[in-house]
Amino acid sequence: MPAIALAELEEKFRTFDPQKRQETLRALTDLFLVSAPQLDEAGVEIFDNVFDAALEKQSVAVLTDVSRRMAPIPNAPSRLIRRLANDSEIAVAGPVLYESPRLSEEDLCNIARSKGNAHM
């Protein structure tokens, strides 16, 4: 995705009202889940960039939903998974910490050291 298009998309996410941001994130998650089996790493990276913008100012409930849905996906966007795993709310972090194949041992050790008992 060209940088200008991504910047425009990020700006649109920022101007959406909270309900529209939630709906858009859910639709983005649905689109990724349907597309994931056919995506190469470059395609996943595009989604990862869009998720960066879409996750801003989302509620714990919405982030938890994304975490649960993305956790078992073998090619889930890496930055998305690490961001969810590092969330201070264990409801958000838990599903990906427990189930995501995208987190390395190093990721898990760093999260355990920085977040504490709930994240272990």
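Reader: Which residue caps the N-terminal end of α3?

Author: Happy to start there, keeping in mind that this is a predicted model. A side-chain oxygen lies 3.2 Å from the backbone nitrogen of A42. The residue that brings this oxygen and caps the N-terminal end of α3 is D40.

Reader: How far does helix α3 reach from its first C-alpha to its last?

Author: Helix α3 covers residues 41-54, which makes 14 residues. At 1.5 Å a residue, 20 Å is expected. The reach in the model is close to that, at 20 Å.

Reader: How many aromatic pairs does the structure hold, and what are they?

Author: The structure holds two aromatic pairs. F32 and F47 are edge-to-face, with 5.1 Å centre to centre and 75 degrees between the planes. F32 lies in helix α2 (residues 18-35) and F47 in helix α3, so this pair ties together parts 15 residues apart in sequence. The other edge-to-face pair, at 6.5 Å centre to centre and 75 degrees between the planes, is F32 and F51.

Reader: How many residues apart in sequence are the parts that F32 and F51 tie together?

Author: Both F32 and F51 are buried. F32 lies in helix α2 and F51 in helix α3, so the parts their pair ties together are apart in sequence by 19 residues.

Reader: Which residues form one aromatic cluster?

Author: F32 pairs with F47, and F32 also pairs with F51. The one aromatic cluster is formed by F32, F47 and F51.

Technical notes: Residues are numbered from 1 along each chain as its sequence is written. This is a predicted model: local features need pLDDT of at least 70, side-chain atom pairs count only at pLDDT 80 or more; totals for chains, interfaces and linings use all residues. Side-chain values use heavy atoms; hydrogens and water are left out. Helices (H or I, at least four residues) and strands (E, at least two) are DSSP runs, numbered from the N terminus. The expected span of a helix is 1.5 Å times one less than its number of residues. A polar contact is a pair of N or O atoms within 3.5 Å; within protein, one must be able to donate a hydrogen and the other to accept it, and residues adjacent in sequence count only if both atoms are side-chain atoms. Rings of Phe, Tyr and Trp (its six-membered ring) pair if their centres lie within 6.5 Å; planes under 30 degrees apart count as stacked, over 60 as edge-to-face and the rest as tilted. Buried means under 20% relative accessible area, exposed over 50%, partly exposed in between (1.4 Å probe, protein chains only).
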